[in-house]
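Please find below a short report on one protein chain. The text follows the order in which the parts of the fold build on one another.

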Amino acid sequence: MSEGHVAFEYEAKNVSLETLATLGEGHIAYVKQIRSEDVPGLFPEAPKIAPGLKLFALHAADGTPIMLTDSREAAIANAWSNELQAVSVH
């Protein structure tokens, strides 16, 4: 680990959960690969989707689902079109 990484971990321990939840709000979105079986819980208004599909969800920094797509590139393009910096979550 680099010194900068250790310093960040130490500082993060002093940040409240409420503050941490708002970091990046309005500026950062994250892309996460999900299974079609997870769609109803994240996007209740979405039509029924066949099981076993890999999809990509775009979420606001606070975890709010924004969009669902079948391609990572489309999720990133949507983030950019909304002036959000997209990051990937594994």
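## Sheet, cores and loops

In β3, Leu-68 is the bridge partner of Ala-57. Phe-56 stands opposite Thr-69, also in β3. The model is predicted; local features need pLDDT of at least 70, side-chain atom pairs count only at pLDDT 80 or more, and totals for chains, interfaces and linings use all residues. Residues are numbered from 1 along each chain as its sequence is written, and side-chain values use heavy atoms, with hydrogens and water left out.

Helices (H or I, at least four residues) and strands (E, at least two) are DSSP runs numbered from the N terminus. By this rule the chain has four helices and four strands, which follow the pattern α-α-β-α-β-β-α-β along the sequence.

**The sheet.** Two strands are taken as paired if DSSP finds at least two bridges between them. Strands of a sheet pair through backbone hydrogen bonds, either parallel or antiparallel. Here, four strands form an open sheet with mixed pairing, in the order β3-β2-β1-β4. The edge positions belong to β3 (65-69) and β4 (85-89); each has a single partner strand, so one side of each is left without a neighbour in the sheet. On average, neighbouring strands of this sheet are turned by 30° against each other, direction ignored. Such angles run from 0 to 180 degrees between N-to-C directions, and the axes are lines fitted to C-alpha atoms, for helices over the stretch in contact.

| Strand pair | Sense | Bridges |
|---|---|---|
| β2 (residues 54-60) and β3 | antiparallel | four bridges |
| β1 and β2 | antiparallel | seven bridges |

β2 and β3 form a hairpin with four residues between them, and Gly-63 in the turn has a positive phi of about 100°.

**Packing.** Helix α4 (residues 72-81) packs on the sheet and touches β1 (28-35), β2, β3 and β4; its direction makes about 145° with that of β3. Contact means heavy atoms within 4.5 Å. Residues are called buried under 20% relative accessible area, exposed over 50%, and partly exposed in between (1.4 Å probe, protein chains only). Five of the seven residues of β2 are buried, so this strand is largely enclosed by the rest of the structure.

A nonpolar core is a set of buried Ala, Val, Leu, Ile, Met, Phe, Trp, Tyr and Cys residues joined through side-chain atoms within 4.5 Å. The largest has 10 residues: Ala-29, Val-31, Phe-56, Leu-58, Met-67, Ala-75, Ile-76, Ala-79, Leu-84 and Ala-86. At least two residues of this core come from each of β1, β2 and α4. With three residues, α4 supplies the largest share. Another core, of five residues, lies apart from it; among its members are Ile-34, Val-39, Phe-43 and Leu-55.

Most residues other than glycine have a negative phi, and most peptide bonds are trans. Glu-83, in the loop between α4 and β4, has a positive phi near 55°. Glu-83 is exposed, with a relative accessible area of 70%.

Gly-52 is found in the loop between α3 (39-42) and β2, and counts as exposed at 60% relative accessibility. Beyond its neighbours within four places in sequence, Gly-52 is in contact with Ser-36 and Glu-37. Gly-52 lies 17 residues from Arg-35 in sequence, while their C-alpha atoms are 6.5 Å apart in space.

One salt bridge (a side-chain nitrogen of Lys or Arg within 4 Å of a carboxyl oxygen of Asp or Glu) is found in a search of the whole structure. The side chains of Arg-35 and Asp-38 meet in a salt bridge at 3.3 Å, N to O. Asp-38 counts as partly exposed, at 31% relative accessibility.

**The chain as a whole.** Of its 90 residues, 21% count as buried. Among contacts between residues at least 6 apart in sequence, 46% join residues at least 24 apart. The chain exposes about 6,500 Å², of which carbon and sulfur atoms supply 58%; accessible areas come from the Shrake-Rupley method with a 1.4 Å probe, and for residues only the protein chains shown count as cover.
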